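Visitor: Please display the entry so that its backbone geometry may be discussed.

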Amino acid sequence: MNRALAPSLPSLPSLPRCPHRPRRRLRRAAAAVVPLALTATALTAVTAPARAAERPRYPVGGVADGVAHFFASPNAVAGVNDWDCEPTAAHPNPVVLVHGTGVNLGANWVRMGPTLANEGHCVFAFNYGMGSPLNSGGRVGGLTGVAGSARTMSAFVDKVLARTGAKKVNVLGHSQGGMMPNHYIKRLGGAEKVDRLVALAPTNHGTTLSGLVRLGRALGVLGLVNGAFDHLNLQGLKDQEEGSDFQKALFADGDTVPGVRYTVIATRNDTVSTPYSQGFLKGDHVRNIVVQEQCPKDPVGHVGLFTDGPTTQNVVNALGADEPDFRPRCEDYGLPL
């Protein structure tokens, strides 16, 4: 008998001695056990790699990849929009990614998309707001009216739920992509279909754009600028201004709705969605996070959040364990832009 197999064999019961059949029963028992042991070993060797291969590991991109995707891959990124993905018990809600103004899903989600897929989530994303003549061949999104973009989101979420069989989705958005889902949730029935909304530097309550909106209003030229926005079908920019009719209507009845859990992640170095604290939400089941309160040396700005290390860790927590006292490792900071 091969000694390598001996440790894996179960102990055999002692057999009574028989003068006519010395140890015959022992040989028969061993002959039956050895093939079974070999079969079990072979099955283990085959099935373990098969399980590991069920979900591949996707390459996680950085800033350079984001720039490349903006031009060459505006509609695709690793780990995103696998329509055969089946939610698991650990992650029953698919994640829907909503990009920001002026970019596309390919550029915005080169890090977050594959990271969440590697964590075991089913991840999906869509482009929206491409109806302006300035969309540069479908690369520059988020330009048209926010209400219309929310309708695009509504149709996409329905598609995700139908294909995956899930009851609800979780949402991760950046900039306008963190604000626009509020319209979907509050005005288009999304409250029944969204479990968690995680927003990176959202333009909730509007932005002053580092004071330019207030200056334009004070000088009486903001109306001219907004007229140009209307002419070029850039209603999405107008809707995000502090004090816009859209912002007033969206938050007139409060910031949140029951049943949805909210996380806002902001940076003090934001020069786009300003003041940064204006993106915070008030209500039940809301967690507002300032990156620099966790990592004081993080220089990340509004745009840089899309590849920022602490921000990525906060996102994984918010869409996973959702530990209220979570603290990220202070490393791998994003761009100060």
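Visitor: What percentage of the contacts in the protein chain with a separation of 6 or more is accounted for by residues 24 or more positions apart?

Guide: This is a predicted model, in which local features need pLDDT of at least 70, side-chain atom pairs count only at pLDDT 80 or more, and totals for chains, interfaces and linings use all residues. Residues are numbered from 1 along each chain as its sequence is written, and side-chain values use heavy atoms, without hydrogens and water. A contact means heavy atoms within 4.5 Å. Among contacts with a separation of 6 or more, the share from residues 24 or more positions apart is 77%.

Visitor: Which residue does a cis peptide bond join to Thr274?

Guide: Most peptide bonds are trans. Here omega is about -15 degrees, and the bond is cis.

Visitor: Is Ser175, which has a positive phi, buried or exposed?

Guide: Ser175 has a phi of about 60 degrees although it is not a glycine. Ser175 is found in the loop between β3 (169–174) and α6 (176–187), helices being DSSP runs of H or I with at least four residues. Buried means under 20% relative accessible area, exposed over 50%, and partly exposed in between, with a 1.4 Å probe and protein chains only. Because its relative accessible area is 8%, Ser175 is buried.

Definitions and conventions:
Helices (H or I, at least four residues) and strands (E, at least two) are DSSP runs, numbered from the N terminus.
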